[in-house]
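Me: Please go through this structure with me, one question at a time.

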2 protein chains.
Amino acid sequence: MNQLNKLLHQELRLAIMSYLSAVDWADFNKLLEITQATKGNLSVQIKKLQEANYIDVKKSFKNNYPLTQCKITKKGQEALDQYVKDLKELLNI
Amino acid sequence: MNQLNKLLHQELRLAIMSYLSAVDWADFNKLLEITQATKGNLSVQIKKLQEANYIDVKKSFKNNYPLTQCKITKKGQEALDQYVKDLKELLNI
DNA sequence: TTTATTTGGTTTATTTAATAAACTAGTTTA
DNA sequence: TAAACTAGTTTATTAAATAAACCAAATAAA
């Protein structure tokens with residue numbers, strides 16, 4: 001059995017990565033909206049993905065408010081691709 | 001975001017279910033072999049799947065040794081199908 | 001203008017779950 | 001008859017997910 005990537009085999013992180021793989025930069029609020037997660041959970045999972053270098057996180061200000069933007073990295077995209085491959089194999093799809 | 005079935009979104013349980021969806025009955029040792037799990041972990045996860053009525057578990061003896069056999073239920077198969085569907089949607093595959 | 005509310009988060013604490021390790025009960029082999 | 005093996009289960013530990021509480025700054029309301 002091909003071990004599934006544990007960082008990716010979690011619903012919220014997977015949803016974040018899947019979304020990021022289809023867009024360029026996405027900000028915190030956009031990710032909140034598409035995942036329906038709580039802010040605390042989203043914050044934690046973004047940090048984990050960042051620590052693994054699966055995403056780049058850019059912090060700035062917009063209209064005087066903090067703005068956190070995320071973008072998938074090459075390493076993150078490759079990990080996601082491999083995860084999907086492993087999952088397909090496991091599920092025979 | 002379609003919530004993924006938490007019982008199925010776990011590697012070992014998913015591997016068990018995926019395998020069982022392709023065969024008739026499978027015994028404990030066969031599941032050990034194909035999943036490479038520890039016996040303790042396998043025992044626990046089988047019980048959880050059984051409690052959810054995702055699998056039927058039949059206990060008997062073979063050559064004087066205890067024999068535990070598992071088979072996916074209709075409910076389990078339907079849950080697995082739905083899980084795969086949700087996952088495909090999430091991952092755009 | 002100072003109090004309340006909202007924004008955009010982070011940190012901490014709690015709950016839940018995964019897993020390994022230890023154990024059980026019996027069987028076979030030497 | 002002791003040692004080792006089979007086929008598991010139970011318990012204890014670790015790790016992870018999540019919710020709740022918090023924070024700093026900005027804006028709105030009284």
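This is a predicted model: local features need pLDDT of at least 70, side-chain atom pairs count only at pLDDT 80 or more; totals for chains, interfaces and linings use all residues.

Me: What percentage of the contact residues of chain B recur in chain A?
Reply: In the contact between the chains, 16 residues of chain B meet 16 residues of chain A. The same surface serves both copies, and the share of chain B contact residues that recur in chain A is 100%.

Me: Which element gives the most to the side of chain B that touches chain A?
Reply: By class, this side has 10 nonpolar, 5 polar and 1 charged residues. The elements that give two or more residues to it are α1, α2 and α4 (74–91) of chain B. With 4 residues, the element that gives the most is α1(B).

Me: How many nonpolar residues are in the contact of α1(B) with α2(B)?
Reply: Helix α1 (residues 11–20) and helix α2 (residues 28–35) of chain B pack at about 115 degrees, with their axes 10 Å apart, and their crossing is right-handed. From α1(B) come Leu12(B), Ala15(B), Ile16(B) and Tyr19(B), which meet Leu31(B), Ile34(B) and Thr35(B) of α2(B). By class, the contact has no charged residues and 1 polar residue, and the nonpolar residues number 6.

Me: Why is α1(B) described as roughly perpendicular to α3(B)?
Reply: The axes of α1(B) and α3(B) come within 10 Å, and the crossing is right-handed. Angles of 65 to 115 degrees count as roughly perpendicular. The description applies because the two axes cross at roughly 70 degrees.

Me: How many charged residues are in the contact of α1(B) with α3(B)?
Reply: On the α1(B) side the contact is made by Leu12(B), Arg13(B), Ile16(B) and Met17(B). On the α3(B) side it is made by Asn41(B), Gln45(B), Lys48(B) and Leu49(B). These residues divide into 4 nonpolar and 2 polar, and the charged ones number 2.

Me: Which residue of chain B is among the nearest to DNA strand C?
Reply: There are 21 residues around DNA strand C. Elements giving two or more residues to this surface are α2 (28–35), α3 and β3 (65–72) of chain A together with α3 of chain B. Those that come nearest include Phe28(A), Gly40(A), Ser43(A) and Thr68(A), and from chain B, Gly40(B).

Me: How many charged residues does the surface near DNA strand D have?
Reply: DNA strand D is surrounded by 22 residues, the closest being Gly40(A), Phe28(B), Gly40(B), Ser43(B) and Thr68(B). Two or more residues come from each of α1 (11–20) and α3 (39–51) of chain A, and α2, α3 (39–51) and β3 (65–72) of chain B. By class, the surface has 8 nonpolar and 10 polar residues, and the charged ones number 4.

Methods: Residues are numbered from 1 along each chain as its sequence is written. Chains are lettered from A and ligands numbered from 1 in the order in which they are written. Axes are lines fitted to C-alpha atoms, for helices over the stretch in contact, and angles run from 0 to 180 degrees between N-to-C directions. A crossing is left-handed if the near helix is turned anticlockwise from the far one by less than a right angle, and right-handed if clockwise. Two residues are in contact if their C-beta atoms, placed from the backbone, lie within 7 Å. Ala, Val, Leu, Ile, Met, Phe, Trp, Tyr, Cys and Pro count as nonpolar, Asp, Glu, Lys and Arg as charged, and the others, Gly among them, as polar. A residue is near a molecule or strand if its C-beta atom, placed from the backbone, lies within 6 Å of it. Angles under 35 degrees count as roughly parallel, over 145 as roughly antiparallel, 65 to 115 as roughly perpendicular and the rest as oblique.
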